[in-house]
Amino acid sequence: MPAHPRSRTTSGFVQVHTDLIQPLAGPPADANVEVVSKHASIWLAMAAALGVWLVATPAVAGGGDCTVQVGDFDKEPYPLCSCSCRWADVSPDAVVEVLSQPDRWPATFRTISAGRIVSEGRLLIVYLIKPFARRQVTIELTTAEVLGSWRVSWRKASKQEPLAEGLVEIEIFEGWWEVASDGNGGSVVTTGTRLNPGHDVPQILVRKTLPMQLRRLLRQLRRAVVPNEEADPVAASEEEL
């Protein structure tokens, strides 16, 4: 895996220095499965109808050995959630090649319905967060090496582009993609996100849908890296939810 500079311009980005972005915490040490109060029963029913569930144990998410970890929603309204997969048949370089081109993310991730690079090193994206309405946010991106792993981190930019008609602005949106070697030629790929979709979305739906959203992202990334791989029918059906 080639050495990557600690901070650089990528695919037309104006350089964003890592000292402008506080390091994001890693995946939470302990996953949490919570008991939801009876007052949230209507939202639980909606989540069940959508086929959405909370995962805090190893799960299939994008091929390979994958684990989803969910933060403690009782201690923090919108905690960090993460998903990590080991892809023994995919090299780190192949994954970095896809992730290091943010201008192509809309073609890679179905959850990003539109995107364009704007001034001052920012990326505007229109994000599809099922089952909610489309969301818009302008983010700042930084690429760096963290303990030998390649990482691209993002956070909501202080300067937002004008909101397009019919869209809702995401209130909190920060996270990262990280790619490391598994020591045997394969990859360990991790994504983490802290999200508040905004517009009065109940927290119960965020805690139920975010784990599925992360699994979708890993599957979409793998398809971009291994385009001819036969699709898992179970995963494909979840993708349509």
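A word on the source. This is a predicted model, with local features needing pLDDT of at least 70, side-chain atom pairs counting only at pLDDT 80 or more, and totals for chains, interfaces and linings using all residues. Residues are numbered from 1 along each chain as its sequence is written, and side-chain values use heavy atoms, leaving out hydrogens and water.

Cysteines first. How many disulfides does a search of the whole structure find? One. A disulfide here is a pair of cysteine sulfur atoms within 2.5 Å. The partners are cysteine 66 and cysteine 85, with sulfurs 2.1 Å apart. Cysteine 66 sits in strand 2 (residues 65-70) and cysteine 85 in strand 3 (residues 81-87), so the bond ties together parts 19 residues apart in sequence. Strands (E, at least two residues) and helices (H or I, at least four) are DSSP runs, numbered from the N terminus. The S-S torsion is about 115 degrees, so this disulfide is right-handed.

Buried or exposed? Cysteine 66 is buried at 1% relative accessibility. Buried means under 20% relative accessible area, exposed over 50%, partly exposed in between (1.4 Å probe, protein chains only). Cysteine 85 is also buried, at 1%.

What about cysteine 83? Its closest cysteine sulfur, in cysteine 85, is 4.4 Å away, too far for a bond. Cysteine 83 is buried at 0%. Cysteine 81 is buried at 0% too.

Now the helices. Threonine 108 lies in helix 3 (residues 105-108). Threonine 108 is buried at 14%. Arginine 207 lies in helix 4 (residues 203-225). Arginine 207 is buried at 8%.
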